[in-house]
Amino acid sequence: MHYEPDIECFFQQSHADLDLIVLFLSRGWIQAQSAGQNQTLESKLEVLQCHFTWDLDTSTSTLYCLKDQLEDIGTEEGYSWLGHSYNLQGYIHHQLGLSNDACCFLSKAAEAFRQMRNTVSDEGPWLVVNHGNLAWLHYNRKEQAECRAYLLKVDAIMNEYPSPSQGELHPEIYAEKAWTLMKFGTDKRLQATDYFQKAIRMQPDMVEWHTSHVIALENTLRHTDKELVADIFEKMKIAKEHDPENLYLAALYLEARAKQGKSIESEARELARRVLRKPISSYSGIAPLLRLYRIYLSMDEAIDLAEEILGRHPDQRYLKRCASLCYKKRILQGSDNPLEHSMIHRAILLHREVITLYPLSSLRKEIALANIYAESNNLAKADHIYEELLKRDLDPEGAQMLYNYYAKYVHFIRKESYKSIEYHMKAAAVLHQSSYRNNSINTLERIRARNRNRMCAEIGGFLNNLQ
């Protein structure tokens, strides 16, 4: 009997199995090594100071609204926050899945910083956030070599330009973080004011930081319905003296003086003449100036001024947005004077245009258009707009806004109190903190306290379950 062939086959199979085992082990080792390298890379990325690590709101509606806001700031030469604006736009485009556009904006940011700082060196602490963003961008694009290159650049800059205050961030980083957080709601604005203070304490000669700090303080108080205290008013006055060409700040200062009972009409009209000579930008002071006119001069004068500015720049979508707001306020919050048909027609036309020009961030304008139709007794069109909006898949804050406004619409216009309560409850049931949710909860609490509605028991149970 001959067993040699079987033995030979046995040894061939054993060698094959051994080779397979070695292959599997080597692959496992390579994968383990790669996973370890990725883990190290991720740990380095997570400690960077940049938009990707600042816990920003990335809801789709917020991102599209910010995208439009930043585009409306414009790119006026010499604009001191241009690099920061491009950085934030880069991050927003990345979050929206537009990776190539994100890369383009981040490159623009680096160039804008270099031009603004006007230094001999191309590198500086103002590029730490930008390079951090680029490191994250390349990491998410699976471009590890480029990611590591930007991590090395960040390390080199931070070693060459350490913070003047041990244990704290560099003032350039604090300033950019503060400017960014100003765009993300009341809670973030509170953090922004703190970061601006830290940046200014370490580098007090940056005029634009003082200005933005004061604007952040004013915005925070405005959105929390608190009075402008004497200390902040004094800071605003000093910032205005150091930054006399900032007409946005000038408009806020006039408004603060008007709140104190000062007569500001002639100064407001002079400021309007200065604003008319400036390039169009959301930072040129148009919005706070028109608000000043609406509150302290008259709604009609605000509309006249908005139309004058728009007449000089008829293709500027931002101006149409500002003008549409003036018409909305005049129609929905104006005096008891009868509304002219031409005014309502103009308001509707402007709102339609603005909705077309801001297709992904115009929910508030669509709601306003429905309410303008309702005010002009065209309830069929108002109903249709609301019905179409209620079919949409909105993010939590968008849903709360819609439910809250619709609850008011069916109560005041349609006189359907039970349906109004239903939608206030829908707004309150969305577990997201916002002014719309708070307003609906407060409305439900008032109805329960009056105890005159047959739904009071149901409202009480609902509110108790919210606690």
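## Rings, charges and buried side chains

User: How far from the centre of the ring of Tyr423 is the charged end of Lys426, which sits over that ring?

Analyst: This is a predicted model, in which local features need pLDDT of at least 70 and side-chain atom pairs count only at pLDDT 80 or more, while totals for chains, interfaces and linings use all residues. Residues are numbered from 1 along each chain as its sequence is written, and side-chain values use heavy atoms, with hydrogens and water left out. A charge sits over a ring if NZ of Lys or CZ of Arg is within 6 Å of the ring centre and within 35 degrees of the ring normal. For Lys426 over Tyr423, the distance to the ring centre is 5.6 Å.

User: Over the ring of which residue does the charged end of Arg317 sit?

Analyst: The charged end of Arg317 lies 4.1 Å from the ring centre in question. That ring belongs to Tyr358.

User: What kind of aromatic pair do Trp136 and Tyr139 form?

Analyst: There are 16 aromatic pairs in the structure (ring centres of Phe, Tyr or Trp, taking the six-membered ring of Trp, within 6.5 Å; planes under 30 degrees apart are stacked, over 60 edge-to-face and the rest tilted). Trp136 and Tyr139 both belong to helix 5 (residues 128–140) and are three residues apart, about one turn of the helix; helices here are DSSP runs of H or I with at least four residues, numbered from the N terminus. Both residues are buried, that is, under 20% relative accessible area, where over 50% would be exposed and anything in between partly exposed (1.4 Å probe, protein chains only). With centres 6.2 Å apart and 85° between the planes, the pair is edge-to-face.

User: How many residues apart in sequence are the parts that the pair of Tyr386 and Tyr409 ties together?

Analyst: The ring centres of Tyr386 and Tyr409 are 4.8 Å apart with the planes at 35°, so this pair is tilted. Both Tyr386 and Tyr409 are buried. Because Tyr386 is in helix 18 (residues 379–390) and Tyr409 in helix 19 (residues 396–412), the parts tied together have a sequence separation of 23 residues.

User: Which residues form one aromatic cluster?

Analyst: Tyr386 and Tyr409, the tilted pair above, both belong to the cluster.

User: How many residues apart are Glu172 and Arg117, a pair that links distant parts of the chain?

Analyst: The structure has 25 salt bridges, each a side-chain nitrogen of Lys or Arg within 4 Å of a carboxyl oxygen of Asp or Glu. One of them joins Glu172 and Arg117 at 2.9 Å, N to O. Glu172 is buried at 6% relative accessible area, and Arg117 is buried at 18%. Glu172 is in helix 7 (residues 171–181) and Arg117 in helix 4 (residues 99–117), a separation of 55 residues.

User: How far from Asp243 is the nearest side chain of opposite charge?

Analyst: Asp243 is in the loop between helix 10 (230–242) and helix 11 (247–259), and it touches Val207 and Thr211, not counting residues up to four places away in sequence. Lys and Arg count as positive and Asp and Glu as negative, with His and the chain ends not counted. Asp243 is buried yet has no salt bridge, and the nearest side chain of opposite charge, Lys278, is at 8.3 Å.

User: Which cysteine has the sulfur nearest to that of Cys326?

Analyst: A disulfide is a pair of cysteine sulfur atoms within 2.5 Å, and by this rule the count is zero. Cys326 is in no disulfide, and the nearest cysteine sulfur is 7.3 Å away. Cys326 is buried, with a relative accessible area of 0%. The cysteine with that nearest sulfur is Cys322.

Conventions: Helices (H or I, at least four residues) and strands (E, at least two) are DSSP runs, numbered from the N terminus. Contact means heavy atoms within 4.5 Å.
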